[in-house]
Amino acid sequence: MNDDPYLDDPDDDLDGDQLELAERRSLRRVAGMSTQLADISEVEYRDLQLERVVLVSVWTSGTQADADFAMAELKLLAETAGSEVLEGLVQRRNSPDPATFVGRGKVDEVREAVIATGADTVICDGELEPAQLRNLEDRIGVKVIDRTSLILDIFAQHAKSIEGKAQVELAQLQYLRQRLRGWGGNLSRQAGGRAAAGAGIGGRGPGETKIETDRRRIKTRISILRRRLRELDEVRQTKRAQRHRNQVPSVAIVGYTNAGKSSLLNRLTGAGVLVENALFATLDPTTRRTEGADGRVYTLTDTVGFIRHLPHDLVEAFRSTLEESVAADLLLHVVDGSDPDPFGQVDAVRKVLGEIGATGVAEQLVINKIDAAAADVLLALRGRFPEAMLVSARTGEGIAELLVRIEERLPRPGVEVRALVPYARGDLIDRIHSAGEFISSEHTEAGTLVVARVNADLAGELARYAEAEDAGQH
């Protein structure tokens, strides 16, 4: 039984219709397909065959608590990918072994653990070099994957949109290209001319090996995916340019995976974005328009979650999506206050923001899940981040104050105007409401006398009515 307070409550409709979540969790049983001797339908008697894994980590720096946090996070990643964790092994070293990651003697201990538990997979908490991967698999005798491959697998499970699937496939192929394994006798022969059998003239060499053919196909596929992503990025840039042209401020919600970004977006806008207590539950950015208390319109965008040691290939593949953060006027940096290491979350997210060039964007730190956080942790967070807002997307505590803070930190229109707008030009009044800031307004016989702060484009359109108002005073 999971005691996590953030599991979805069927009576709680704050997140809107969670159709995608229902689809992800749904099961459809086909009668007569069981491979067991007895076709059992009751869940308490049914065997759930999950991939059985052993976790291996190398502790190179930091404290014992840091090593424990890293192993706990790797366990969550493995379970999110759909596996059953049987055992975790940690080794203290100055640096990973270049040949086997954990060292020659420790490989035998890992192999003994695999045999004793009956595991069929070993997951290493690091990015393995091709030689390390090959050596471990040869000596342990079961499948070995690294942290990068594990995260890519989770992304592949959760990608829904065309762009998301293309980004994940691109990252997977870039990762796989350097890790293809060749098989000595698997060589092809190139037959040319009218040769019916065997090699023709000029084709009697060894030809391409299977691994060379695979690399060529991967390279071709990568080119196709990059071209497709460029086309999709042009659509995203067009939408972004339209918002910029209309002077609509933008707020990007960033943060560690499973920190509650989608829940916060739902609470602020009623977007109905998928919410699930799982790592990387949502990958596709969602943008929603919302209106402040003063009538100004701005956008809120939910972005992909970050994690410690986010694979470089993923950062590159999702760069166009992450640029929503770079182009934003304000970043809402969401932190899970109930996490064992919230300070590590902040550092990891800021590191990724630095990699994508978003360090210059204004940041508002938001400590989420305060209803589930320990009092001493919240006190420590307040001490280190005095400007942070403390909220609970689940209960709504602190949301009103957060909305006020967002509106305070949004960029203000730069030009103050005074104009007598005719009643026939109600469209201008509406534009001041959505993109400007009223200082005062007064209804007169000739029209609406307004004093407001607006952007330069709107100020130019109001200039003619400002002259008319000055003439009326004379």
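I started at Asp341 and listed its contacts, taking contact as heavy atoms within 4.5 Å. Leaving aside neighbours within four places in sequence, Asp341 touches Phe69 and Arg308. Asp341 sits in the loop between β8 and α11. Is Asp341 buried or exposed? Buried, because its relative accessible area is 15% (buried means under 20%, exposed over 50%, partly exposed in between, with a 1.4 Å probe and protein chains only).

Ground rules, before I forget. This is a predicted model, where local features need pLDDT of at least 70 and side-chain atom pairs count only at pLDDT 80 or more, while totals for chains, interfaces and linings use all residues. Residues are numbered from 1 along each chain as its sequence is written, and side-chain values use heavy atoms, with hydrogens and water left out. My element names follow DSSP runs, numbered from the N terminus: helices are H or I with at least four residues, strands are E with at least two.

Next I looked up the sheet that holds β8. I found an open sheet of 6 strands with mixed pairing, in the order β6-β7-β5-β8-β9-β10 (two strands pair if DSSP finds at least two bridges between them). β6 (286-291) and β10 (389-390) are at the edges with a single partner strand each, so one side of each has no neighbour in the sheet. I then checked β5 (residues 250-255) against β8 (residues 330-336): they pair in the parallel sense over 5 bridges. Val254 has His333 in β8 as its bridge partner.

Helix α8 (residues 261-269) packs on this sheet and touches β5, β6, β7 (297-302), β8 and β9 (363-368). Its direction makes about 155° with that of β7 (axes are lines fitted to C-alpha atoms, for helices over the stretch in contact, and angles run from 0 to 180 degrees between N-to-C directions). Helix α11 (residues 342-355) lies across β5, β8 and β9, at about 145° to β8.

Then I went to the other open sheet on my list. Its 4 strands run in the order β2-β1-β3-β4, with parallel pairing. The edge strands are β2 (83-92) and β4 (143-146), each pairing on one side only. From one strand to the next, the twist averages 25°. β1 (residues 51-59) and β3 (residues 121-124) pair in the parallel sense over 4 bridges, and Val56 has Cys124 in β3 as its bridge partner. Helix α2 (residues 64-80) packs on the sheet, touching β1, β2 and β3, with its direction at about 155° to that of β1. I also noted α4 across β3 and β4, running at about 150° to β4.

How do α3 and α4 cross? The axes of α3 (residues 104-117) and α4 (residues 130-140) come within 9 Å and cross at roughly 50°. That makes α3 oblique to α4 (under 35 degrees is roughly parallel, over 145 roughly antiparallel, 65 to 115 roughly perpendicular, the rest oblique). For the contact itself, I have Arg104, Val107, Asp108, Val110, Arg111 and Val114 in α3 meeting Leu136, Arg139 and Ile140 in α4.

Last stop was Thr444, in the loop between β12 (437-443) and β13 (448-454). Thr444 counts as partly exposed because its relative accessibility is 26%. Not counting residues up to four places away in sequence, Thr444 touches Leu420, Tyr423 and Leu449. I also took the C-alpha to C-alpha distance from Thr444 to Pro422: 9.5 Å in space, 22 residues apart in sequence.
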